[in-house]
Amino acid sequence: MHKEATIREPLVLGHKTFHEVTEDVCKPIEGKAPKTWYILFAIAAIIGVYGVGCILYLLGTGIGTWGLNKTINWAWDITNFVWWVGIGHAGTLISAVLLLFRQKWRMAINRSAEAMTIFAVFMAGLFPLIHMGRIWVAYWVMPLPNQFGSLWPNFNSPLLWDVFAISTYLSVSLVFWYIGLIPDFATIRDRAKKPVAKKIYGMLSFGWSGRAKQWSRFEMVSLILAGLATPLVFSVHSIVSFDFATSVIPGWHTTIFPPYFVAGAVFSGFAMVQTLMLVMRKAYNLEAYIHTKHIEYMNIVIMSTGSIVGIAYITELFISWYSGVEYEAYAFINRATGPYWWAYWAMMTCNVVSPQLMWFKKLRTSLTFTFLIAIVVNIGMWFERFVIIGTTLHRDYLPSSWSMFYPTHIDIGIFVGTIGLFFVFFLLFTRYFPVLALNEVKTILKSSGQSYKDGDAKTPAFSIEEQHLADVKMKPSQGGADENLKNDNN
Amino acid sequence: MGSNVVFYAMYNDDDVLKDGAKKLVAKGVKVTDVFSPFPIHGLDPIIGLKETRLGIMAFIYGLTGLALALIGMRYIMITDWPMNIGGKPNFSFLENMLAFVPITFELTVLFAAHAMAITYFLVNKTIPGMVAENPDPRTTDDRFVMELRLSDNSKFSEKELEDMLMETGIVELDQKHIK
C-alpha cells in the first residue's frame, strides 16, 4: 500500500472515521435544504428561464437578433462557446490527469469539478447548435445516408471535428462521472429512511453491492477511463483552436493555438472550480476535506497555466512582428491599440498579471484573495476569447467593411441565461448528489488522514510500521521473509 | 446436508479484514466474497481473485472504433463522393489521412470508453433496477464483511469455521442457512 510522507499536510483534517466521512457528505442530502439554497436556486432559475426565452426568440426569429454583421460573423456566441468548453476542462483534468499522476488531493474535489465540467459542456454545446440558426436540421452534421445526392459532411473541416470532439468529450465525461457516483449512491441508498428516496437512490445505484470483484473492476475501469480521458481533454480544446487556426485570418492563423488554448482552458476551468468550491465547502461544512492545502494546490495550477498563457500571448506578439507579414502585425497592433484596446488590456491584466500574484504564499493561501482572483480570471478568460474572435474579425482586409460589434439584449440574455442554467444544474447537483467522492476519500483516510500524520492512528488495529513489515514479508523473493526485511530500506 | 451455511463476518477495519483473510487462507479456508465500502488494496490476490480483463476488452473496442472511423471516412470522402475543397479534391486516402486523424482519435476513445462501460455494467451486474446484494446496509458505510460458505470449505465443520473466524478480530458474526 502506498504510504505518504508524514511531513506532507494531511488531506483530511480532524480525526475522521469512515462513518464520519459518510455522515459529513450525506447529511446535506438527507436534511432539509437551507433557505439560501432556495434563494440561490430561484435566482438562477429566473435567469435561466429568461435565457431560454431569449433562445426561443432567437430560434423563432433568426440569427439577425444577434448583433452580428457581415464583417463580424462570429462574436459572443462562439466566445461563449469557447469560454464554457474551457471551463469544462478542469473537471476532467482533475479526475483523469491527476488520477494518472496519483494525486490524492483530487479526491476531495473531483466529483463536483466533474459535475461542473458536464454542465459547462452542456452550456458550450448549446451555442454552436443555436448558431446554426435552423436547429431542427442540426442532425445534418452527422454522417447519415440521405437523399440529397448523398451529401456527406466534410470530414476535412475542423468544425466537424469539433462536433465529434465535443460529443465524445461530453458523453465520456458523463460516463466517467456516473461510474464513480454509483458506489456513493449505494451508500445513500443504504442509509435512506424514506421509501421514495430509497427507491430513487436504489435505481441510481444500479444495485451496487460493493463486492471485491466489483471493486477490482471499478478500479480498472476508472484507470482506463482516466487514460482515455487524458488525451481526450487535450484533443478537445486543440480541436476547438483548430476552428480558428486552420483558417487564413490574420491573428487566427497561428500554430501556437492548440497548446495555448489547452493551457487557457485549464486556467479558466480551475478558476471556476475555485469559485464554486470556496462557496460549497462553506455551505456544506466540508472544510475538513477541502481545506487551504487543496486551494493552494489549485492556485499553483492556476499560476502555472496562467504563466503558460502569458508566454503564449507574448510569443504571439513577437511572431506577428518577426514573421514580417504586415496583416499579421496589424491584427495584433489593432488588438492592443485599436478601438477594442480595453478588451485586450483587460485580458492582459486579468490573465497575465493577476495569476503571478500567486507566487506569494500568503496570497495563494488566502481564501478571500483566491476567490477574488478566480472571478478576475473568469472574466479575463472571457475577454481573451472575445479578443481573439471579435477584435480579430472587426477589421478585415477591406477598410470599407470595418465595423464594430454591439451586443443586442438577446446576445446578453443568452449569455447570462447560460450562467443561470449552469447554476440551476449545479445547485440541483449539490442538493441531491454526493458532492464528494466519499468512498474514495475513505481510501486515503489512513494514508493521508490527520490521525496517521499525527502518529496516533486509532482506526488501524496495528501500527503503520507493523503493516509495512507485514507488507515487506509478503513480497516474493528467493530468500524468504527474512531476506526481504534485510533488503528493505524503510 | 440439505441446507448450506453462509457466514458473514463483519469487521470495522479494512486492514483487520485483510489480515484475517490472510490467516484464514493460510489455513486453507476459501473466502467466497468480501463486501466493502471502498476498494481494499491488496485483497484480491489474497482471496484469489484474478485480475479483470476489462482492459483487454477496452483495447479491442478501441480498435473497432479506429477501424470504423478510417473505413467510414475513406468511403465517404474518397470513394463515394470525393469532395473538392479549395481546389484540392480528395482522391487519395493516404494524402487525406492527416485530416482524418482527429475524428479517428475521437471515435477510438468513444468506442473504447462506452463499450467498456457497458461491458463493466453487464459483468458487474450493475444495471438499473437490479437489487443490491450486500448482506448489511452498513457495508456501504464503514463495515467490511467477509463471506464464507460451508459448501466451499467442505473439509471444515461449521464449528471449526466459526472458531477460526472468531480469532480474526471480527465485530459481528452472522450465519444464514440457504438451500
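A residue is called buried if 20 or more other C-beta atoms lie within 10 Å of its own, exposed if 12 or fewer do, and partly exposed in between, with C-beta atoms placed from the backbone. By this rule, 40% of the 179 residues of chain B count as buried, and 47% of the 490 residues of chain A do.

The structure is a predicted model, in which local features need pLDDT of at least 70 and side-chain atom pairs count only at pLDDT 80 or more, while totals for chains, interfaces and linings use all residues. Residues are numbered from 1 along each chain as its sequence is written, and chains are lettered from A and ligands numbered from 1 in the order in which they are written.

Helices (H or I, at least four residues) and strands (E, at least two) are DSSP runs, numbered from the N terminus. Chain A has 18 helices and zero strands, whereas chain B has four helices and six strands. Along its sequence, chain B runs in the pattern β-α-β-α-β-β-α-β-α-β.

The overall form of chain B comes next. Its C-alpha atoms fill a box of roughly 85 × 30 × 30 Å along the principal axes.

Two residues are in contact if their C-beta atoms, placed from the backbone, lie within 7 Å. Among contacts with a separation of 6 or more, residues 24 or more positions apart account for 76% in chain B and 80% in chain A.

Contacts also join the chains: 62 residues of chain B touch 56 residues of chain A. On the chain B side, α1 (14–26), β2 (33–35), α2 and α3 each supply at least two residues, and α3(B) gives the largest share, 18 residues. This side of chain B consists of 38 nonpolar, 14 polar and 10 charged residues. Here Ala, Val, Leu, Ile, Met, Phe, Trp, Tyr, Cys and Pro count as nonpolar, Asp, Glu, Lys and Arg as charged, and the others, Gly among them, as polar.

The expected span of a helix is 1.5 Å times one less than its number of residues, so the 27 residues of α2(B) (residues 54–80) should span 39 Å; the end C-alpha atoms are 37 Å apart, which agrees. The helix has a kink of about 30° centred on B:R74, the bend at a residue being the angle between axes fitted to the seven residues ending there and the seven starting there. Its buried residues, including B:Y61, B:G65 and B:M73, pack against α7 (212–245) of chain A together with α3 (93–124) of chain B.

In chain A, the end C-alpha atoms of helix α13(A) (residues 367–393) are 39 Å apart, and a kink of about 35° is centred on A:V387.

A nonpolar core is a set of buried Ala, Val, Leu, Ile, Met, Phe, Trp, Tyr and Cys residues joined through C-beta atoms within 7 Å. The largest one has 180 residues, of which A:V172, A:V273, A:V441, B:V34, B:A113 and B:M116 touch the most other members. Helix α7(A) gives the most to this core, with 17 residues.
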